[in-house]
Amino acid sequence: LPLALDIADGRDAAGHTKFVIGLGEGSVTAALTATSTLAGGPALSAGAEALGEGIRPSMTIEFPTLLGLLEAAGLTEDPTIAPFLGDVRALTTLAGGGSHPASGIERLRITVGLRQQAGEGAG
């Protein structure tokens, strides 16, 4: 994507070292001074529940947030991105994580949330 990223190696309010990637200096500052973390947030909890088997997500994407970012950056009209927006609008979340259920075996599980169409699920 044609966006400038700010990359910082800083310390949070508790003095812990943090590596932050943001869109603009303000987003980096906000990440370093945040009072909550993604680890305690509802997206990670929902992702863990969807993945099952005690798997903790190592990645999550909230598509409404991603769409908001693309719109704020003026990229929804970009000819390389616009064709995919209809599909992205149908998604809610993506969560992925791995586990090691047996020696030498690694398992990756990915779940994708789909937006319910109007009129579905009733009745």
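How much space lies in the largest pocket? About 1,100 Å³. The model is predicted.

**Largest pocket**
- The pocket is lined by 31 residues. Closest to its centre are Ile21, Ala31, Leu38, Thr60 and Thr65.
- Strand β2 gives the largest share of the lining, five residues.
- At least two lining residues each come from β2, α1 (25-32), α2 (42-51), β3 (59-62) and α3.
- By type, the lining divides into 19 nonpolar, nine polar and three charged residues.

- Strands β1 (residues 6-11) and β2 (residues 17-22) pair in the antiparallel sense. Six bridges join the pair.
- Asp9 has Phe19 of β2 as its bridge partner.
- Five residues lie between the strands of this hairpin, where Gly15 takes a positive phi near 90°.

**Largest nonpolar core**
- Nine residues form this core: Phe63, Leu67, Leu70, Leu75, Ile81, Leu85, Val88, Leu91 and Leu94.
- Elements α3, α4 and β4 (91-102) each give two or more residues to the core. Helix α3 supplies the largest share, three residues.
- In soluble globular proteins, nonpolar side chains tend to be buried together.

**Thr76**
- Thr76 sits in the loop between α3 (63-72) and α4 (85-89).
- Thr76 counts as buried because its relative accessibility is 16%, and the cut-off for buried is under 20%.
- Leaving aside residues up to four places away in sequence, Thr76 touches Leu70, Glu71, Ala82 and Leu85. Leu70 and Leu85 are also among the residues of the largest nonpolar core.

Notes
Residues numbered from 1 in each chain as written. Predicted model: local features only at pLDDT ≥ 70, side-chain atom pairs only at ≥ 80, totals over all residues. Heavy atoms only, no water. Helix = DSSP H or I, 4+ residues; strand = E, 2+ residues; numbered from the N terminus. Buried < 20%, exposed > 50% of the residue type's maximum accessible area, 1.4 Å probe, protein only. Contact = heavy atoms within 4.5 Å. Core = buried A, V, L, I, M, F, W, Y, C linked by side-chain atoms within 4.5 Å. Pairing = 2+ DSSP bridges. 1 Å grid on protein atoms, 1.4 Å probe; cavity = no way out; pocket = protein on both sides within 12 Å on 5 of 7 lines; lining within 4 Å. Points joined across faces, edges and corners; volume = space filled by probe spheres on them. Nonpolar A, V, L, I, M, F, W, Y, C, P; charged D, E, K, R; others polar.
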